[in-house]
Amino acid sequence: EGGKDQQQSASEALTNCILSQYRFCAGGVGLGAAYAIKYSKGPMPMAMAGVAGTVGDLIYGYYEACKIEADRYERETGRRRM
């Protein structure tokens, strides 16, 4: 049972670290809003840039910003990154 608690804590640590990444999303929303205002395109560019930034945050978080947490999670679960 102790191993299961450690596995959950490794998973929770990785989840919390990845979800704390926001730079690309915020940048995408800001750039998308500027583009939408300048070219009168409505909210769609802002939304699309925000989604693209969120995907970037998830990838950057897993492979760079949260590398220690990801390595710990992989060791404890036996899973590997692609």
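Is arginine 72 buried, partly exposed or exposed? I looked this up in what is a predicted model. Arginine 72 has a relative accessible area of 28%, so I noted it as partly exposed.

**Entry: the salt bridge**

I searched the whole structure for salt bridges and found one. It joins the side chains of arginine 72 and glutamate 76, at 3.2 Å from N to O. Next I checked where the two partners sit. Both belong to helix H4, residues 67-77, and they are four residues apart, so about one helical turn separates them. Glutamate 76 has a relative accessibility of 32%, so I wrote it down as partly exposed too.

**Entry: glutamine 21**

Then I turned to a loop. Glutamine 21 lies between helix H1 (2-19) and helix H2 (23-39). Is glutamine 21 buried or exposed? Its relative accessible area is 13%, and buried means under 20%, so glutamine 21 is buried. I found its side chain in a polar contact with the side chain of arginine 23, at 3.0 Å. Leaving out residues up to four places away in sequence, I listed Asp57, Tyr60, Gly61, Ala65 and Cys66 as residues that glutamine 21 touches.

**Entry: the nonpolar core**

Which residues form the largest nonpolar core? I noted seven: Leu14, Cys17, Ile18, Tyr62, Cys66, Ala70 and Tyr73. Helices H1 and H4 each give this core at least two residues, and H1 has the largest share, with three. I then followed up leucine 14. With residues up to four places away in sequence set aside, leucine 14 touches Tyr62, Cys66, Glu69, Ala70 and Tyr73. A reminder for myself: in soluble globular proteins, nonpolar side chains tend to be buried together.

Note on methods. Residues are numbered from 1 along each chain as its sequence is written. This is a predicted model: local features need pLDDT of at least 70, side-chain atom pairs count only at pLDDT 80 or more; totals for chains, interfaces and linings use all residues. Side-chain values use heavy atoms; hydrogens and water are left out. Buried means under 20% relative accessible area, exposed over 50%, partly exposed in between (1.4 Å probe, protein chains only). A polar contact is a pair of N or O atoms within 3.5 Å; within protein, one must be able to donate a hydrogen and the other to accept it, and residues adjacent in sequence count only if both atoms are side-chain atoms. Contact means heavy atoms within 4.5 Å. A salt bridge is a side-chain nitrogen of Lys or Arg within 4 Å of a carboxyl oxygen of Asp or Glu. A nonpolar core is a set of buried Ala, Val, Leu, Ile, Met, Phe, Trp, Tyr and Cys residues joined through side-chain atoms within 4.5 Å.
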